[in-house]
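Hi everyone, thanks for coming. Let me walk you through a structure that may be new to you, so please have a look at it on the screen.

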Amino acid sequence: MTGDALATVDGLRVRVGTRVLVDGVSLRVLPGRVTALVGPSGSGKTTTALALLGACPEGARVSGTVTLAGAAGVPVAHVPQHPGAVLNPARRVGGLLRDLARVHGGGPAAVRRALRDAELSEVEGLLRRFPHQLSGGQQQRVVLAQALLTGARVIVADEPTTGQDPDTTRRLAALLGRLTARGTGLLLLSHDLALVGELADEVVVLADGRPVRTGPPSEVLRVPAPAPPRARPAPPSPPPPASPVPPVRLDVTGLTARHPGGAVVLREVGLTLRAGECLALVGRSGSGKTTLGRCLAGLHPRHEGTVRLDGAPLPRSVRRRGRRLLAAVQYVFQDARAAFADHRPVLDQVARAAVRLRGLAPAEAAEEAAELLAGLGLEPAKAARPPGGLSGGELQRASLARALIVRPAVLVCDEITSGLDARTRAAILADLAERRDRAGLALLFVSHDPAAVDALADRVVTLVDGRLRPAAPARPFG
């Protein structure tokens, strides 16, 4: 043990078969301090964190040491990148948290305090919901509340600001700062270099599973400066002949959605989306963005109003949509891990979508899937793995490939850049922009990332408490 560290990782090496996931990683988590792990998606950050938690991949060969302070080890809590994986889908949030509070000597007041500390409002209504009735950001903060209830001395936070709006991100950063001020040690995994620069005392940069730089953030981080506002082109003079206005692909009128208990999530929402247009949907976590996307995809049938595709009403439930309509409107989930079966190779699952919805032969579908995955940055060796062998960012790219392979007319993207490093995010946005412009793909882009919205969106609308508020166009369109 070195110094007064709460947790120490020394010379960690994790190997599965012939693959070395982590090689020679060392770090310390100190009381009242933040140690950050940064690096591209797939660089070994999550594998390192899971080793500290004693949860290495099945069949892994592990060398090096992981030590926790104290005879029995300090309590460690985990806030994963995909929080839905650790919330019981069959139990309401209140039941989960009250049971956890009782185990650790607390009561209802402790539950409410933990939820408030995790920046969750409308506590009573939230306690009655099931995990699937929460947004991704709300799920993440519920898991953080669980960590607070355990009294953990060490918190492992894997992309804790994923799926959060900028205001909530600032408040969560302040909360994590308050926790460390009380003596908690934090291991932070993040692509958000601004957050790391604000919070971290020590940074370990990983690449291909190996540490390449270690030190304070001021020495090892290269935080990009904010991009200057994009200049709007001046109107040409004389104006060119007007180009034809693309047809309306999706038309939503009077959409009101409810949770099973009757709580209204969306109120009289109306919007249009044209072929070749990207409409960005923004708003605070919990404002109804994910519910709107799920309504369009037929995954939230408890709604009133009308959704039309090319002028024809879409059935409310995905169960009533045939192959053509299932392919026409595709949804890319924020929690990509939950969207894949555990034990089948990712390549097979992407190819299977083309077999089912386009009628391709299996061999042809597999060839097209491999090409599409490679274009999104997943080489064949990784695509051949089951989901557990990919990082969260890699799974997000695979999820996007599975939607694109069926050649949709409308693509709903729910925070698809949240688990990606800057280079990969830029490549994904460029690919979507090319498909929008070349193939006329209509995009509903749900995001808290202002730079991504500015790069891709033609128009921006904001959801506030389930109501839609229009904003200025992001760029000329039509």
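Which residue in E4 is the bridge partner of Asp10? In E4, that partner is Thr65.

Before I go on, a word on the source: this is a predicted model, where local features need pLDDT of at least 70 and side-chain atom pairs count only at pLDDT 80 or more, while totals for chains, interfaces and linings use all residues. Residues are numbered from 1 along each chain as its sequence is written, and side-chain values use heavy atoms, with hydrogens and water left out.

Now the overall picture. There are 16 helices and 19 strands in the protein; helices (H or I, at least four residues) and strands (E, at least two) are DSSP runs, numbered from the N terminus. The C-alpha atoms fill a box of roughly 75 × 50 × 50 Å along the principal axes.

Back to that bridge. Strand E1, residues 7-16, pairs with E4 in the antiparallel sense over 7 bridges; two strands pair if DSSP finds at least two bridges between them. Together, 3 strands make an open antiparallel sheet in the order E2-E1-E4. Its edge strands are E2 (19-29) and E4 (61-68), each pairing on one side only. From one strand to the next, the twist averages 10 degrees. Helix H1, residues 45-52, lies across E1, E2 and E4, and runs at about 60 degrees to E2. For such angles, axes are lines fitted to C-alpha atoms, for helices over the stretch in contact (heavy atoms within 4.5 Å), and the angles run from 0 to 180 degrees between N-to-C directions.

Next, another set of strands. E3 (residues 34-38) and E8 (residues 202-207) pair in the parallel sense over 4 bridges, and Leu37 has Val204 as its bridge partner in E8. E8 also pairs with E9 (residues 210-215), this time antiparallel, over 5 bridges. Here the partner of Leu206 is Pro211 in E9. E8 and E9 form a hairpin with 2 residues between them, and Asp208 in the turn has a positive phi of about 55 degrees.

Finally, a helix pair. How far apart are the axes of H11 and H12? H11 (residues 346-358) and H12 (residues 362-375) pack with their axes 8 Å apart, at an angle of about 125 degrees. The two helices are therefore oblique to each other: angles under 35 degrees count as roughly parallel, over 145 as roughly antiparallel, 65 to 115 as roughly perpendicular and the rest as oblique. Among the contact residues are Leu347 and Val350 of H11, and Pro362 and Leu373 of H12.
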